[in-house]
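Hello,

Here is the structure I promised to pass on to you.

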Amino acid sequence: AEGEATHTPLWQKGKIALHKISLSEFSPYLAESTFLAISDGDFTLDAATLYTKGDFKMDGALSVENFFLHDSRDNAIITSFVKADLKSFVLKNNPSSLFVDEALLDSFYIDAMIDEKKNINLSKLLKESKIALLLILNS
């Protein structure tokens, strides 16, 4: 990363480059609220960032390669792909927006099924949270 920053008023302009960051390291965070595990994959991000007066903008490219997402209960593959590329994107917080100029998804697979009760199997991958359970009990 490189760039400039000031603390008063808060202002930042810079570049960020992350290459071949392992996505499997994020599995413990997914496990807190889902039955999902990332077994493989890495991402690369090259972007320019700008922060002024509460407005954030990121302009760059993102690539994810060799991605495998599993159900942590039985190790079944939920989704996978060889490569996903956002060749050029702009992310802003004010207004909240994401513009993608070009996207590529190579060898995509998803195991999505709808049963006779019209429930999709992917909906059963979320764990019940204490907050959601309290909301249900109090309603």
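Of the six residues of E1, what number is buried? The number is zero, so E1 lies largely in the open. Here, buried means under 20% relative accessible area, exposed means over 50%, and partly exposed is in between (1.4 Å probe, protein chains only).

Before the rest, a word on how to read this. This is a predicted model, where local features need pLDDT of at least 70, side-chain atom pairs count only at pLDDT 80 or more, and totals for chains, interfaces and linings use all residues. Residues are numbered from 1 along each chain as its sequence is written, and side-chain values use heavy atoms, with hydrogens and water left out.

On confidence, the protein chain has a mean pLDDT of 88, and 92% of its residues reach 70 or more; pLDDT is the predictor's confidence in each residue, from 0 to 100.

Now the overall layout. The chain holds seven strands and two helices, in the order β-β-α-β-β-β-β-β-α from the N terminus. Helices (H or I, at least four residues) and strands (E, at least two) are DSSP runs, numbered from the N terminus. The radius of gyration, taken over C-alpha atoms, is 19 Å for the protein chain, whereas a compact globule of 139 residues would have one near 14 Å. That globule rule is 2.2 Å times the number of residues to the power 0.38. Along the principal axes, the C-alpha atoms fill a box of roughly 55 × 45 × 25 Å. Buried residues make up 22% of the 139 residues.

E1 (residues 2-7) pairs with E2 (residues 10-22) in the antiparallel sense over six bridges; two strands pair if DSSP finds at least two bridges between them. The two form a hairpin with two residues between them. Within this pairing, Thr-6 stands opposite Trp-11 in E2, and Glu-4 has Lys-13 as its bridge partner. E2 also runs antiparallel to E3 (residues 36-52), joined by 10 bridges. There, Lys-13 has Leu-50 of E3 as its bridge partner.

What about the interior? The largest nonpolar core has 15 residues, and Leu-23, Leu-45, Val-64, Phe-67 and Leu-69 touch the most other members. Such a core is a set of buried Ala, Val, Leu, Ile, Met, Phe, Trp, Tyr and Cys residues joined through side-chain atoms within 4.5 Å. E3, E4 (55-71) and E5 (77-93) are the elements that give two or more residues to this core, and E3 gives the most, with five. Leu-23 is in contact (heavy atoms within 4.5 Å) with Ile-38, Gly-41, Asp-42, Phe-43, Val-64 and Phe-67, not counting residues up to four places away in sequence.

One more residue to look up is Ser-97, found in strand E6 (residues 96-106). Ser-97 is buried, with a relative accessible area of 16%. Leaving out residues up to four places away in sequence, Ser-97 touches Val-90, Leu-91 and Lys-92.
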